[in-house]
Amino acid sequence: FFNEGFSGEKINDPGANGQLLAANAYSPLGYVHMAVASRVAEITGLPLMYSLYFARLANLVLYAAVVFLAIKIIPKYKWVLAAVALLPPAIYQASSLSLDPLVTALSFLAIAYAVKFWFGPRGQIGNRELVILSAIFVAIALIKTPYVCIALLFVFLPSNRFKMVKYSYYWKVVLSAATFLAALAWVYTNR
């Protein structure tokens, strides 16, 4: 079924080996919250349609929570971030069954941290912040690989924002490399 085109002809792709290649293109990380919500609906004995509504609601709640956190973190331009996050297409997308709401919300969070570090005092990026940024960037890279470039936000931060200025270039390289390697590893293992 999956290897037939709209014309009914078989698609001859020697690299596919009879597999649907798009099925494993995305990491399961982005689906966890939706799967848990669907499972809750299934356990409670609700019909399948409610399971889908629960998954959509989980997407919307997670989007709202991460965007709320991003708005709290960003020191300037809070209204700009809030306005963009509350645009009707963004809200419509946030309540859909896709990975886009989580990637969009995590991207807002990454931008909020970048603005915080750019306009904040010197010496504010320590180990805790590096771990948080690493988790955000790797999660974005694993959920949707093309968004790996958002890690470049971190590269352009001034070195004096780090607690240990002499290691700032080292951490910029390590964080960017970790993000790119996570995305590359996911793509390589699922090719």
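1. Five aromatic pairs are counted, a pair being two rings of Phe, Tyr or Trp (its six-membered ring) with centres within 6.5 Å. In F154 and F162 the ring centres lie 5.7 Å apart and the planes meet at 75°, so this pair is edge-to-face (planes over 60 degrees apart; under 30 is stacked, the rest tilted). F154 is buried at 2% relative accessibility, and F162 is likewise buried, at 2% (buried is under 20% relative accessible area, exposed over 50%, partly exposed in between; 1.4 Å probe, protein chains only).

2. The model is predicted: local features need pLDDT of at least 70 and side-chain atom pairs pLDDT 80 or more, while totals for chains, interfaces and linings use all residues. Residues are numbered from 1 along each chain as its sequence is written, and side-chain values use heavy atoms, without hydrogens and water.

3. Y170 and W171 also form an edge-to-face pair, 5.2 Å centre to centre with 70° between the planes. Y170 is partly exposed at 48%, as is W171 at 30%.

4. Helices α1 (residues 32-43) and α2 (residues 48-73) have axes that come within 8 Å and cross at roughly 140° (axes are lines fitted to C-alpha atoms over the stretch in contact, with angles from 0 to 180 degrees between N-to-C directions; helices are DSSP runs, H or I, of at least four residues).

5. On the α1 side, the contact (heavy atoms within 4.5 Å) includes H33, M34 and A37; on the α2 side, F54, A58 and L62 are among the residues.

Key:
Helix = DSSP H or I, 4+ residues; strand = E, 2+ residues; numbered from the N terminus.
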